[in-house]
Amino acid sequence: MSLLAKIAEIESEMARTQKNKATAHHLGLLKARLAKLRRELITPKGGGGGGPGEGFDVAKTGDARIGFVGFPSVGKSTLLSNLAGVYSEVAAYEFTTLTTVPGVIRYKGAKIQLLDLPGIIEGAKDGKGRGRQVIAVARTCNLILIVLDVLKPLGHKKLIEHELEGFGIRLNKSPPNIGFKKKDKGGINFTATCAQSELDGDTVKSILAEYKIHNADITLRGDCTADDLIDVVEGNRVYIPCIYVLNKIDQISIEELDIIYKVPHCVPISAHHRWNFDDLLERIWDYLQLVRIYTKPKGQLPDYTAPVVLPDQKTAVEDFCLKIHKNLIKEFKYALVWGLSVKHNPQKVGKDHVLEDEDVIQLVKK
């Protein structure tokens, strides 16, 4: 029986099963089985892979990377060529773009790489079309723009989300607050810090048994679902922010546009007429959460033209040094910082000091 047939069988059984407390245990088991089969689909067993594919992934350049995901012919290529001035082949038939087309924009001093990915079709997560490669490239992005046609948005949105979820990409979510630690002996130690609506000790044990884990510490620090637990055990999930870009707004009325504006994570645009691009860029900047640091050579004015751009989680002085050159941290003595992250300007700080957006820094070497 093929993997796809097994997956289809489990999905149909889950659809047939009623959801209540008595069946929660059984559903948890099915979900765990499904997650395991999905992982085998993504990373097939056995060695001896085929020859080198025709280059699909693109080298990572710039400070952040954004992928355009969507069905064929929703205007991804038009959007890319109008944003970045890169010519990605545009035509009025489906599947015009067949490989990844990269483009780069400069915005607020940061270099942002845009990737125009080929259209996704239904069943991409099961390896149909170029779906598997498209979603594999999408996993490496810092932000995903789901480009939708404003005339048929909701059906498409559900399908694309389903394809990405099946591939271990979680959109606009934060990792579940679950402590999971494998041990050598001592059985399964299950603690919950608050009331659980779905998981209990037995369900947790059965899900872990499906992964052949019989000794582990599990701590649930919130009301978690079986899916959250499976995500933590699998450990290969990526959590990526996402913006829904509704294209072709030149075809709808103003009243409809007002309604669209109230949907969370949504930006209506028209790629062809270049409407509302500034709002889209501003929203992209918010979601990427990049931090700009300006450098100041000794005895000169700060250089405000070329900031060093750091990702939101890694903004200590040490990360700043590593971004410039890895040998710099060996000669580092202290740094002088001007800006929001210090109490008085300039302040002398060590390498663990956390910088904020638009700080000015001067390094002093040994």
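**Entry 1: the sheet**

I started with an open sheet of five strands, ordered β13-β12-β16-β14-β15, with mixed pairing. I noted the edges next: β13 (303-311) and β15 (347-349) each pair on one side only. From one strand to the next, the twist averages 40°. The model I am reading is a predicted one.

I then went through the pairings. β12 and β16 run parallel and are joined by three bridges. Here I found Tyr-294 opposite Val-360 of β16. β14 and β16 are antiparallel, with six bridges between them. In that pairing Ala-335 stands opposite Leu-363 of β16. Strand β14, residues 332-338, also pairs with β15, again in the antiparallel sense, over three bridges. I looked up Leu-336 and found Lys-348 as its bridge partner in β15.

**Entry 2: the helix across the sheet**

Which strands does α10 lie across? I listed β12 (290-295), β13, β14, β15 and β16 (359-365). The helix covers residues 317-324 and runs at about 110° to β13.

How many of the seven residues of β16 are buried? I read five, so the strand is largely enclosed by the rest of the structure.

I picked Ile-361, which lies in β16. Its relative accessibility is 2%, and the cut-off for buried is under 20%, so Ile-361 counts as buried. I listed what Ile-361 touches, leaving out residues up to four places away in sequence. The list holds Ile-293, Tyr-294, Thr-295, Lys-296, Val-317, Phe-320, Ala-335, Leu-336, Val-337 and Leu-355. I also checked Gly-339, which is 22 residues from Ile-361 along the chain. Their C-alpha atoms are separated by 8.7 Å.

**Entry 3: the nonpolar cores**

I turned to the largest nonpolar core, which has 54 residues. Which residues have the most contacts inside it? They are Ile-66, Phe-68, Leu-79, Leu-114 and Ile-146. Helix α9, residues 277-288, gives the largest share of this core, at seven residues. I also logged a second, separate core of 19 residues. Ile-178, Ala-216, Ala-226 and Leu-229 are among its members. In soluble globular proteins, nonpolar side chains tend to be buried together.

Not counting residues up to four places away in sequence, Leu-79 touches Phe-68, Val-147, Val-245, Ile-269, Ala-271, Phe-277 and Leu-280.

**Entry 4: α3 against α9**

I checked how helix α3 (residues 76-84) packs on α9. The angle is about 90°, and the axes are 12 Å apart. The range for roughly perpendicular is 65 to 115 degrees, so α3 and α9 fall under that heading. On the α3 side, the contact is made by Leu-79, Asn-82 and Leu-83. On the α9 side I found Phe-277, Leu-280 and Leu-281.

**Entry 5: Arg-237**

Is Arg-237 buried or exposed? I read 18% relative accessibility, and under 20% is buried, so Arg-237 counts as buried.

Its side chain makes a polar contact with the side chain of Asp-231, at 2.8 Å. I listed what Arg-237 touches, again not counting residues up to four places away in sequence: Ala-35, Gly-168, Arg-170, Ile-230 and Asp-231.

Technical notes:
Residues are numbered from 1 along each chain as its sequence is written. This is a predicted model: local features need pLDDT of at least 70, side-chain atom pairs count only at pLDDT 80 or more; totals for chains, interfaces and linings use all residues. Side-chain values use heavy atoms; hydrogens and water are left out. Two strands pair if DSSP finds at least two bridges between them. Helices (H or I, at least four residues) and strands (E, at least two) are DSSP runs, numbered from the N terminus. Axes are lines fitted to C-alpha atoms, for helices over the stretch in contact, and angles run from 0 to 180 degrees between N-to-C directions. Contact means heavy atoms within 4.5 Å. A nonpolar core is a set of buried Ala, Val, Leu, Ile, Met, Phe, Trp, Tyr and Cys residues joined through side-chain atoms within 4.5 Å. Buried means under 20% relative accessible area, exposed over 50%, partly exposed in between (1.4 Å probe, protein chains only). A polar contact is a pair of N or O atoms within 3.5 Å; within protein, one must be able to donate a hydrogen and the other to accept it, and residues adjacent in sequence count only if both atoms are side-chain atoms. Angles under 35 degrees count as roughly parallel, over 145 as roughly antiparallel, 65 to 115 as roughly perpendicular and the rest as oblique.
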